[in-house]
Amino acid sequence: MLRITSLNLNGIRSAFRKGLQPWMESHAADILCLQEIKVADADLTDELRHPPGYTGHFHHAQKKGYSGVGIYLRNPAERVVNGFECEEFDLEGRIIRADWKDLSVISAYLPSGSSGDERQQAKYRFLDTFAPWLEGLMDEHRKTGREFVVCGDWNIAHKEIDLKNWKGNLKNSGFLPEERAWLSEVFDRRGFVDVFRQIDERPDQYTWWSNRGQAWAKNVGWRIDYQIATPGIAARAKTAAIYKDERFSDHAPLTIDYDVKL
């Protein structure tokens, strides 16, 4: 069984202070995809870079204390690649990919547009570039049989079931019609699978909660963290879980177990 976990850390140092490392040890994911590490390479300690049992790989943002992605591996990859050949967003550290013989796992942190129109426009530029890149992954899958799992914080809730207060967010970034339609295309036209929803169709399954008000206590959340996969490996997903017993971040870890071997 291959256990893949995705987690937006909202700062790797903060998450470790909140007990992430002991949980990682007991949780025993084979691959842990990280987003929003918010750290420069020079500031990574040995503990953060290679926690017990793992080798870490990171793609840092040029801007200090901003964005950045990483991936912790229990078994070494044949290749790790940073970025997706888009200068504007590669400077923000948003994509890292690990390759094995016939599987690639990607940690992706898509931009948020919630801070204002300028960032929303940047988000649209990202989506315009990311869509053909995803298309390329699916083409590779069809030609070679390579399976892909794209983990991460996509900053889009897909359907009304995916956030508590959907009526109040119809005009807000993360639930705009254009964003939701873009994500529908990823599934319906490009053929990727929302693996969590394939397994768990229940409402009130969220991965992020605002720090305002009583959002966490009242479970007023959004499901914006995904594992989006090519159909072959998606069909081998056995269990899906959102971990909420401890809080390492404003996001919760999303774990899916796949009946495959590296």
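A search of the whole structure, which is a predicted model, finds 17 aromatic pairs, where rings of Phe, Tyr and Trp (its six-membered ring) pair if their centres lie within 6.5 Å, and planes under 30 degrees apart count as stacked, over 60 as edge-to-face and the rest as tilted. Two of these pairs share Trp 133, and they are set out in the table.

| Pair | Centre to centre | Angle between planes | Kind |
|---|---|---|---|
| Phe 84 and Trp 133 | 5.8 Å | 75 degrees | edge-to-face |
| Phe 130 and Trp 133 | 5.5 Å | 20 degrees | stacked |

Phe 84 lies in the loop between strand S5 (79-82) and helix H4 (87-90), while Trp 133 belongs to helix H5 (residues 117-144), so their pair ties together parts that are 49 residues apart in sequence. Helices (H or I, at least four residues) and strands (E, at least two) are DSSP runs, numbered from the N terminus. Phe 130 and Trp 133, by contrast, both lie in helix H5, three residues apart, which is about one turn of the helix. Phe 84 and Trp 133 are both buried, as is Phe 130; buried means under 20% relative accessible area, exposed over 50%, and partly exposed in between (1.4 Å probe, protein chains only). One aromatic cluster takes in Phe 84, Phe 89, Phe 126, Phe 130, Trp 133, Trp 154, Trp 182 and Tyr 226.

Residues are numbered from 1 along each chain as its sequence is written. In this predicted model, local features need pLDDT of at least 70 and side-chain atom pairs count only at pLDDT 80 or more, totals for chains, interfaces and linings use all residues, and side-chain values use heavy atoms, with hydrogens and water left out.

Helix H2 (residues 20-27) has Leu 20, Gln 21, Trp 23, Met 24 and His 27 as its buried residues. These cover an arc of only 160 degrees around the axis, which puts them on the same side of H2; the arc is that of the directions from the helix axis to the C-beta atoms. On the other side of H2, Glu 25 and Ser 26 are exposed. The cover over the buried residues of H2 includes strand S1 (2-8), helix H1 (12-17), strand S2 (31-35), strand S4 (69-73) and strand S14 (254-258). After H2 comes Ala 28, whose phi is positive, near 60 degrees.

Ser 104 is found in strand S7 (residues 103-109) and counts as buried, at 0% relative accessibility. Its side chain is joined to that of Asp 99 by a polar contact of 2.6 Å and to that of Arg 146 by one of 2.9 Å. A polar contact is a pair of N or O atoms within 3.5 Å; within protein, one must be able to donate a hydrogen and the other to accept it, and residues adjacent in sequence count only if both atoms are side-chain atoms.

Gln 205 has its place in the loop between helix H7 (195-199) and strand S10 (208-209), and is buried, with a relative accessible area of 15%. Leaving aside neighbours within four places in sequence, Gln 205 is in contact (heavy atoms within 4.5 Å) with Phe 196, Asp 200, Arg 223 and Ile 242. A polar contact of 3.3 Å joins the side chains of Gln 205 and Arg 202, and the side chain of Gln 205 also reaches the backbone oxygen of Pro 203 at 3.1 Å.
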